[in-house]
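Here is a short briefing on one structure.

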Amino acid sequence: MDKICIKGGVPLEGVIPIGGAKNAALPLMVASLLTSETLTLMNVPVLADIATMANLLVQHGVSVIRGAEGADSGHVVELSARHITSSTAPYDLVRKMRASVLVLGPLVARCGRARVSLPGGCAIGPRPVDLHIKGLQRLGAEVELREGYIDARAPKGLRGAEIAFPAVSVGATENLLMAASLAEGETQLINAAREPEITDLAECLVAMGARIDGIGTDRLSILGVPRLHGATHSVIPDRIETGTYIMAAAATNGEVRLTGTRLDLVAAVARILEGAGVEVAAAADGLTVRRYAERLEGVDVMTEPYPGFPTDLQAQIMALMTIADGASMITETIFENRFMHVPELARMGANINVHGASALVRGVPRLMGAPVMATDLRASVSLVVAGLAAAGETVINRVYHLDRGYERLEEKLAGCNARIERLRDGA
Ligand code: EPZ
């Protein structure tokens with residue numbers, strides 16, 4: 001397996017281009033199941049998770065073409081679900097990537113039937129899909145759990161309904177938003193997630209002919225239409241990739257400009273970092289990051305649904321706080337088991353104590369490089385942030401996690417003076 005080797009302690013200086021959001025592109029690709037016409041997506045990142053989703057959709061009968069003619073063709077994907085040949089999402093693909101469960105609602109809405117493997121456990125917590133299933137039942141689908149599969153049927157189509165989510169779920173909101181677009185009558189999604197990725201999906205669905213009100217709020221009204229048509233849509237910038245490079249610049253006391261992104265997508269991050277002595281400011285085509293204090297100050301952080309501080313940046317800000325002056329309390333409210341980076345950061349000299357859902361980080365003057373590994377994407381990249389700031393050499397194992405969510409990570413960082421390289425398997 002490949003490894004990443006970092007010789008830390010060099011401030012990041014330069015420009016980093018930010019790609020399209022993985023977590024927006026995945027549901028947008030799934031939206032292609034809702035129409036027999038072509039959906040063209042632009043600004044789609046080149047990532048392992050995107051390839052996994054493409055494989056799943058191909059298996060359902062969707063034609064997926066990456067890299068049509070024209071500029072930036074590598075980031076353009078054309079999806080045509082003229083005929084859906086299978087409404088089963090098999091275990092082997094779903095277990096690779098939980099976002100596969102997003103095909104459930106669209107397949108039932110379009111074909112009247114879907115069999116989707118239950119995703120099972122995950123490195124960051126149990127992650128049930130009960131809200132997806134209950135919502136679909138509210139839209140009139142009959143759902144049975146059999147042999148590890150969710151078997152959903154609505155032979156006469158779905159009917160609009162009021163669905164009040166007891167908890168905020170990004171995936172359930174996306175699944176039901178897509179299903180309701182083709183249901184008969186009106187659906188209300190109450191306590192819907194408001195993540196920018198959901199707004200992006202809703203805007204693409206509107207471009208495909210869906211009728212959706214309340215976009216950007218926690219109450220979405222969808223008036224179902226008999227059919228949707230093709231469209232062309234550009235994926236929003238990746239706010240988690242943006243936030244990750246913000247932390248990396250701050251951790252190394254560097255100064256970087258991030259292009260192709262927007263400050264409003266990371267407003268909660270910028271607010272928290274201001275208290276830590278880091279300035280994140282809007283710039284032409286993106287934003288700039290620099291520290292205005294010599295030493296970072298410890299700040300408290302609590303993860304929350306958007307517009308709060310994202311759970312997908314919790315590990316990275318923890319890596320940053322390990323070298324701040326004073327203490328920081330980092331509380332994770334979204335996932336049960338998202339502190340796997342803590343023992344790895346501790347191997348690099350960090351002083352962190354976990355008490356339930358909170359981690360108390362006492363800043364140390366500097367981290368020391370070490371061999372480390374992690375069990376999920378964001379935990380892995382937090383070790384990259386730590387390695388860039390640390391003295392000496394850090395070797396990060398299990399790089400495939402990083403390839404799921406960060407396009408050309410080493411190249412982007414090396415372009416800003418980082419001493420980082422990939423050690424190929426067997427090298
Ligand atoms: C999305 O996951 C993201 N994934 C995650 O990003 C992100 O961490 C998460 O939203 C929260 O922002 C994609 O967009 C592909 P949820 P999702 O449903 O939709 C519980 C990354 O690193 N829940 O909002 O699966 C659940 O267990 C990934 O890129 C239920 O109880 O998250 C969790 O505690 C990791 N029942 C909470 O809700 C359900 O039916 C939020 O989960 C669904 C969720």
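The side chain of Thr 35 reaches the backbone oxygen of Leu 228 at 2.9 Å, a polar contact (a pair of N or O atoms within 3.5 Å; within protein, one must be able to donate a hydrogen and the other to accept it, and residues adjacent in sequence count only if both atoms are side-chain atoms). This is a predicted model: local features need pLDDT of at least 70, side-chain atom pairs count only at pLDDT 80 or more, and totals for chains, interfaces and linings use all residues. Residues are numbered from 1 along each chain as its sequence is written, and side-chain values use heavy atoms, with hydrogens and water left out.

**Thr 35 and helix 1**

- Thr 35 sits in the loop between helix 1 and strand 3 (38-42); helices (H or I, at least four residues) and strands (E, at least two) are DSSP runs, numbered from the N terminus.
- Thr 35 is buried, with a relative accessible area of 1%; buried means under 20%, exposed over 50%, and partly exposed in between (1.4 Å probe, protein chains only).
- Leaving aside neighbours within four places in sequence, Thr 35 is in contact with Ala 81, Arg 110, Met 208, Leu 228, His 229 and Gly 230; contact means heavy atoms within 4.5 Å.
- Helix 1 is largely enclosed by the rest of the structure, because eight of its nine residues are buried.
- Those buried residues are Lys 22, Ala 24, Ala 25, Leu 26, Pro 27, Leu 28, Met 29 and Val 30.

**Ligand site**

- The ligand has 20 residues around it, and Asp 130, Leu 131, Ser 169, Asp 312 and Ile 334 come nearest; near means that a residue has a heavy atom within 4 Å.
- By class, this shell holds nine nonpolar, five polar and six charged residues.
- Helix 1 (22-30), helix 5 (130-138) and helix 6 (170-181) each supply at least two shell residues.
- Helix 5 gives the largest share, three residues.
- A ligand oxygen is 3.0 Å from an N or O atom in the side chain of Asn 23.
- A backbone N or O atom of Leu 131 lies 2.7 Å from a ligand oxygen.
- For a polar backbone atom of Ile 334, the distance to a ligand oxygen is 2.5 Å.
- The protein covers 82% of the 830 Å² of accessible area that the ligand has on its own; the areas come from the Shrake-Rupley method with a 1.4 Å probe.

**Ile 334**

- Ile 334 is found in the loop between strand 19 (327-331) and helix 11 (341-347).
- Its relative accessibility is 34%, so Ile 334 counts as partly exposed.
- Beyond four places in sequence, Ile 334 contacts Thr 303, Glu 304, Pro 305 and Thr 311.

**Nonpolar cores**

- The largest nonpolar core has 76 residues, of which Val 103, Leu 136, Leu 158, Leu 177, Leu 189 and Leu 205 touch the most other members; a core is a set of buried Ala, Val, Leu, Ile, Met, Phe, Trp, Tyr and Cys residues joined through side-chain atoms within 4.5 Å.
- A second, separate core of 69 residues includes Ala 276, Val 381, Leu 402 and Tyr 406.

**Ser 117**

- Ser 117 lies in strand 7 (residues 113-117).
- At 1% relative accessibility, Ser 117 counts as buried.

Terms used. Ala, Val, Leu, Ile, Met, Phe, Trp, Tyr, Cys and Pro count as nonpolar, Asp, Glu, Lys and Arg as charged, and the others, Gly among them, as polar.
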